Amino acid sequence: MCFLNNLLLGQWEDRMRRGLFRYDVTACETKVIPGRYGFIAQLNEGRHLKKRPTEFRVDQVLQPFDEKKFNFTKVGQEEVLFRFEPSKDDMSLFFPAHPVDAGSSSPSVVAINVSPIEYGHVLLIPCVLDCLPQRIDHESFLLALNFAKEAADPFFRVGYNSLGAFATINHLHFQAYYLSVTFPVEKAPTSRIMSRKGLHGSELVVSELQDYPVRGLVFEGGSTPRDLSDAVANSCICLQQNNIPFNVLITDCGRKVFLLPQCYAERQALGEVSQELLETQVNPAVWEISGHMVLKRRKDYDDASEERAWKLLSEVSLPEARFEKVKACVSTSAGIQLGPDNRSLDMKEGPYDSQTPPVASHLHQRCLVTSSLASTL
């Protein structure tokens with residue numbers, strides 16, 4: 001286990017011992033649902049009653065920050081675990097104590113999610129004191145990609161929910177946690193639809209999910225992490241500008257990114273979602289769309305099946321015509337040409353299909369981690 005994992009989990013378990021979480025997530029029942037994809041079901045009956053309610057419109061992806069509503073400058077200092085910043089000299093550094101003063105830039109911090117879904121569930125909050133609204137930009141997304149990369153654990157995933165895609169707080173943040181099983185979306189076959197040549201023979205490839213209930217795109221490759229990050233960020237910015245809600249999942253230690261546009265909240269507002277699905281009270285955000293179903297009723301947990309998971313997620317997906325417009329938007333914004341090369345890829349067994357990351361005893365490059373913040377947020 002690498003240093004960042006040890007630090008994160010040690011700090012997270014310390015906050016657990018101190019009773020800072022709203023419930024004990026380790027006591028929640030979890031099972032893998034039999035079937036081709038192995039959807040994961042968790043029974044978390046209290047989460048929807050204890051987590052913060054949404055305080056903004058769900059039909060607008062871009063909304064201004066509102067300091068009067070809950071935001072992460074209002075969390076308790078004890079919920080913050082450490083800072084996570086890009087280093088200036090391209091070296092990995094750790095500072096056990098590093099004060100935040102008036103002359104410092106706004107810190108990017110890692111804090112606990114007090115309503116966790118899984119073990120080690122944390123929030124990455126870029127430039128927390130700048131009070132950025134929930135919208136992707138190039139630097140914040142690169143920070144999130146590097147967070148997954150530095151963790152060096154294929155079972156540590158980083159997720160993002162836009163407004164309108166079940167983000168509940170309009171203050172820029174990513175989520176991350178550990179779950180030692182393969183997500184169904186990681187197993188889904190894909191078909192290559194776009195590519196772009198890069199430096200030293202590298203190639204940035206965009207593929208389309210096949211035979212999965214939610215239409216989505218998969219980004220891989222690139223000459224550098226920045227190259228991959230910018231392609232995804234440009235695509236997200238295009239979706240934001242066109243008011244298309246979306247979710248993002250960063251996997252495989254930052255080497256693979258899933259972009260998943262959705263319309264479930266829109267269908268809810270139009271009365272197009274069945275009463276049966278509405279009664280489950282499941283809001284399909286990035287984790288549910290990826291195949292980790294957080295269920296709120298014992299009945300739904302006991303009756304969970306791949307067919308039921310598929311039925312719910314099918315309501316999330318954009319219609320084919322709208323998804324084609326998304327692909328065109330991604331091609332234009334990311335500078336990746338749509339082409340006839342549609343090579344189908346087989347079902348994947350999980351994160352270890354690609355090169356398994358080496359076990360690290362220290363931080364990778366381009367990472368600055370500081371702990372013990374001296375000022376309150």
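This is a predicted model: local features need pLDDT of at least 70, side-chain atom pairs count only at pLDDT 80 or more; totals for chains, interfaces and linings use all residues.

Let us start with Q42, which, leaving aside its neighbours within four places in sequence, is in contact with V25, C28, E29, T30, I117, E118, H292, M293, V294, L295 and Y301, where contact means heavy atoms within 4.5 Å. Q42 itself lies in strand β2, residues 40–43; strands here are DSSP runs of E with at least two residues, helices are runs of H or I with at least four residues, and both are numbered from the N terminus. With a relative accessible area of 1%, Q42 is buried, a word that stands for under 20% relative accessible area, while exposed stands for over 50% and partly exposed for what is in between, using a 1.4 Å probe and protein chains only.

Residues are numbered from 1 along each chain as its sequence is written, and side-chain values use heavy atoms, with hydrogens and water left out.

Turning to the whole chain, its secondary structure comes to 11 helices and 16 strands, and of its 377 residues 56% count as buried. Among the contacts in the chain with a separation of 6 or more, 74% are accounted for by residues 24 or more positions apart.

Now to the cysteines: how many disulfides does the structure hold? It holds 1 disulfide, a term used for a pair of cysteine sulfur atoms within 2.5 Å. It is formed by C238 and C329, whose sulfur atoms are 1.6 Å apart. The torsion about the S-S bond of C238 and C329 is about -140°, so the disulfide is left-handed. C238 is buried, with a relative accessible area of 12%, and C329 also counts as buried, at 13% relative accessibility. For two other cysteines the label is partly exposed: C127 has 27% relative accessibility, and C131 has a relative accessible area of 24%.

Let me finish with M91, which lies in the loop between β3 (80–85) and β4 (93–95). At 46% relative accessibility, M91 counts as partly exposed.
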